[in-house]
Every structure is written in C-alpha cells, then in structure tokens.
Amino acid sequence: MEKLNLAFAFLGAGLGAGLAIIGAGAGIGRLAASAMEGIARQPQAAGLIQTAMIVSAALIEGATLFALVICIILAFK
C-alpha cells in the first residue's frame with residue numbers, strides 16, 4: 001500500500017508540474033502576442049511595452065517555478 005501511495009504522489013506531482021508548465025507557456029505566448037500587437041500599433045511606445053512585457057513574463061515564470069517547487073515537495077513528502 002505504501003508503494004501505491006508513493007506512485008500516486010509522483011503521478012500527482014507530474015500532472016501538477018505539467019499543468020503549471022502548460023499554463024506558463026500559454027500565458028507567456030499570449031503576453032508576447034499582445035505586446036507585439038501593441039508595438040505594431042504604436043511603435044513609439046515600444047520601450048514601455050517591452051519593459052512591461054519583461055516584468056510580466058518574470059512574474060509568470062516566478063509563479064511557475066513556485067508551482068513546480070510545491071509539486072516536488074509534495075511528491076517527496
């Protein structure tokens with residue numbers, strides 16, 4: 001029974017990590033697409049848009065890393 005619980009813990013951690021990565025990829029993809037559209041519409045605001053995009057991408061990556069660490073901790077608990 002102990003091995004089954006460990007197997008389910010690893011399965012749950014793998015699924016959680018996969019969903020976190022998929023969400024981050026979708027979020028950053030949507031962010032970049034919107035930024036490129038904004039820069040295409042107003043080229044003079046490119047610097048401000050790029051700065052906001054980089055900050056937002058860093059926040060998305062941070063949340064994803066946090067989710068992955070939680071999955072790893074739960075898998076080995």
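This text walks through the structure from its overall form to a few residues.

The model is predicted: local features need pLDDT of at least 70, side-chain atom pairs count only at pLDDT 80 or more, and totals for chains, interfaces and linings use all residues. Residues are numbered from 1 along each chain as its sequence is written, and side-chain values use heavy atoms, with hydrogens and water left out.

The protein chain has two helices and zero strands. Here helices (H or I, at least four residues) and strands (E, at least two) are DSSP runs, numbered from the N terminus. The chain is more spread out than a compact globule, because its radius of gyration is 18 Å, well over the 11 Å that the globule rule gives for 77 residues. That radius is taken over C-alpha atoms, and the rule is 2.2 Å times the number of residues to the power 0.38. Along the principal axes, the C-alpha atoms fill a box of roughly 65 × 15 × 5 Å.

Of the 77 residues, 17% count as buried. Buried means under 20% relative accessible area, exposed over 50%, and partly exposed in between (1.4 Å probe, protein chains only). The chain exposes about 5800 Å², and carbon and sulfur atoms supply 74% of it. Such areas come from the Shrake-Rupley method with a 1.4 Å probe; for residues, only the protein chains shown count as cover.

Among contacts between residues at least 6 apart in sequence, 75% join residues at least 24 apart; a contact means heavy atoms within 4.5 Å. Thr64 lies in helix α2 (residues 46-75). Leaving aside residues up to four places away in sequence, Thr64 touches Ala20, Ile21 and Ala24. Thr64 counts as buried, at 10% relative accessibility.

Side chains of opposite charge can pair when their charged atoms come close. The structure holds one salt bridge, which is defined as a side-chain nitrogen of Lys or Arg within 4 Å of a carboxyl oxygen of Asp or Glu. The side chains of Arg41 and Glu37 form it (3.0 Å, N to O). These residues are four apart in helix α1 (residues 2-41), so about one helical turn separates them. Arg41 counts as exposed at 66% relative accessibility, and Glu37 as partly exposed at 44%.

A nonpolar patch on the surface is formed by Met1, Leu4, Phe8, Leu11 and Leu15, with about 590 Å² of accessible area together. Patches are made of residues with over 30% relative accessible area and no salt bridge: like charges are joined within 9 Å, nonpolar side chains (Val, Leu, Ile, Met, Phe, Trp, Tyr) within 5 Å. Leu4 is found in helix α1 and is partly exposed, with a relative accessible area of 43%.
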